[in-house]
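Reader: I have two chains on my screen. Please show me how to read the place where they touch.

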Amino acid sequence: MKYLEIKNNKGYYFNDTQMIEIDQINKEDLLKLIIHAEEGEFEMDEYDENKLQNKSHQIIYKNLYDKLKDFRNNKEQFDREVDHLYASAIGEYGADIQVEKDDEKDEKETSDTDDENNLTNI
Amino acid sequence: MKKIDFHIHTVPVNGKDSSFTFNIEKFQHYIDELSIDAVAITNHNLFNLEQFETISSTLQNVIVFPGIEIDFEDGHLLLIGENNNLQDFDQKCKLISAKLNCREKITEVELKEIFKDLSDYLLIPHYAQRREISKHVINSLHDYIFVGEVQSPKKFYKLIKKESGLTPVLFSDVRISTNLDIEKYQGNQTFIKTDVDPLTLTAIITALKDKNKVFLSNLEQHDFFQVFGDGQKLSHGLNIVLGSRSSGKTFFLNKLENIFDKDGNQIKYIRQFDLIKVDEEEFNKILEKERSNVRENHLSCFRKVVDDVVKIDRRTTSYEMQEYLESLIKFAKSEEIQDEFSKAALFKEIPFTIHTDNSLETILKAIKSLLENKEYKAVIEKYLPEVNLRNLLNELKKQFKEKNKEKIRKLWVNNIIEVVAQKLHECSSSPSIKLIGIDFYDIALEREKIKRFNAIVKAIQKEKIIDNRSFGEKFKVQALVGPFLSSQELREESKTRDIAFSEVFKKYKHPFEYLEELKKLSIDRASLYRYFCKVRYHVLNEYDKPVSGGEQSEFNLLKALQDARQFEMLLIDEPESSFDNIFLKDNVNQMIKEISKELPVVVVTHNSTVGMSMQPDYILYTKRETSTGNDEYYLYSGSLGDSKFKTADGTREVDSYTAILDTLEAGDIAYKDRAKIYNNLKVKS
């Protein structure tokens, strides 16, 4: 899946539904990009000034591209670190990390409606 | 037999003693009432010659030896001298006092320097008690130290039975003051077997070198110790106190407590009805306290996770991302107005990301461990020849060095970028980009930590039995982990009423958010892990059912008995008043008998199940007799096989069969009548 793209001299990013111009990016979308970069397939158009003439897009695209590329380059080390993260506690208590929701936002929304009375489902 | 007390204070010393006024008449009463043959004056770090001479010349019927209690090495040492060269002893003690005026302790070397030949003195270190002197110091002075002062008959009995080791002695450590309660110091002296008369220090030293000549009673038997000044003794094992109502049984126990529980934590005293007063809430609190190690063990892994996750500050991360993007977009949009400074590449250069990768270091350690292992050297050599391991180690070491070099280079470059970019920003009129401090790697890792933390919390909140252990024959204590069910429970956990948990509890189902809310409360961060799951303890009976009120009391008794092993003596007052016979026979008797092998046990009873079934080592019989309108209380005693029980002075005696049957079976006739009834029932059934 391509998450950063250069097309018609402009930079774009994919926000899980569509390609949006790079100068519209906000922190929620950036977090999604990091999550995708952390997981499986993650593609980006290589930064190329000739293909990307829009000057402000150049700056934003290059900055994000370099940072994401750097992160992808360290992915092996990242995976290794994550594999060992709290491994003994996960083993000790039989924690199931697969069922944990990725979208922290969803969780936040549901939590606001909780009260002491609906704890029986824990 | 001679009775000696070689640990007596007559001068209060600042910082060592509470203030008291010495009284010579009281000292004479002390000697007379407790029939002591020899004493040593052992004040803290000083010897008062003038006072000693007064004491020595005034006291009657006792030999007085000069002594001093010295702050020696890491403990306390009693040093006692012969009483024929007091000037010399005084001079030496003055040197000790002078040294301790400016320092905290006397060393072994200094002691030898001052007292020259230590074999002229009796040296008694504190032993198996507070302020005891380390074993290595005692070993180093083994030519001069062969006696150790203990604090209880239990410790004395344990050490006197050992073939090797120091001879134990028990002394009073009394302050001879105007308001001295002499009764409190009965049973705190040592008996030695010697025929030398008058007593000399040499004769005492000779006796103390032989464990067979040192006792706690005048009976020449190690199995007994004297408890009262009149010579009344107890067995080091199981003692049963019999007697009708109001004959002085509880009074007897209280008296023992007064004598042997000076600092308030040497005796376990289970008073009548004590254990049935505990209510449900109190019962659970006791259990929780008792078993807190189960929870701590269970949560030790989780605690480490919380200690790490608590450092995550999601608000700051979010703010930094926002700031980064805003500054980046602002800078990009102002591209047209960029000047020569902002056009420089380093103006918007991104620093290298540097992460610590420990994997190579771990491998290097593992290889070194393989190379250094001697136990499995042959097996390792078979599969991984040493030469290969060494080559591998060298190659990986090179890589490790290279990686380190690269890291240092990157750090150096980052430093330059930071310095140059800062200068460029200062000179430029273009908006700056907040590049430093935002790292996608860290953001992603933080997210993974939260994800795992949430999963771990949900796992520890699942209801599960985490500990299940038997308690006696009848009970089982089960520890169950599960969620907190209300904010009230959280408040109970915090043990304070000052923190309100109701708002925080609304986030309880969402562990990380809940943690962030907990962080806002005034709770010590190191104890935050305690607020995620609750460990509840249940006591189950032999049918795996929760215990009833009566069974709770039974459990409390068993627990109290188990605790008793840590004490110096166990006193129990009428256990039958709170418990039925079957429970006592099946669960309690055996336990008490076992405990009596470790420490002296005294049980007051009217009950034959408790009284005779345990086959006591010694029986005491209390009796109230009224003559000429006055109540007189007598204490008789003897062993199980004795036909007569006698008072301590031997002047009165009772028939042991009558005494036992009167107390436990309501007399001979009632006992025989009951036997007939039981026999008839048996025939009919």
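Author: Start with polar contacts. Between chain B and chain A there are nine residue pairs in polar contact, both residues at pLDDT 80 or more. A polar contact is a pair of N or O atoms within 3.5 Å; within protein, one must be able to donate a hydrogen and the other to accept it, and residues adjacent in sequence count only if both atoms are side-chain atoms. This is a predicted model: local features need pLDDT of at least 70, side-chain atom pairs count only at pLDDT 80 or more, and totals for chains, interfaces and linings use all residues. Side-chain values use heavy atoms, without hydrogens and water, residues are numbered from 1 along each chain as written, and chains are lettered from A and ligands numbered from 1 in the order written.

Reader: How many salt bridges are there between chain B and chain A?

Author: A salt bridge puts a side-chain nitrogen of Lys or Arg within 4 Å of a carboxyl oxygen of Asp or Glu. Here the count is two. A:Asp23 forms a salt bridge with B:Lys333, with the closest N and O atoms 2.8 Å apart.

Reader: And how is the size of an interface given?

Author: Often as the accessible area lost when the parts come together. Buried area is that loss, taken with a 1.4 Å probe and summed over both parts. Chain B and chain A bury about 5,500 Å² between them, and carbon and sulfur atoms give 62% of it. In chain B, B:Phe440, B:Arg447 and B:Arg452 lose the most area to chain A, together 14% of what that side buries.

Reader: How many residues are in contact?

Author: Contact means heavy atoms within 4.5 Å. On that basis, 61 residues of chain B touch 52 residues of chain A.

Notes. Buried area = accessible area lost by both parts, 1.4 Å probe.
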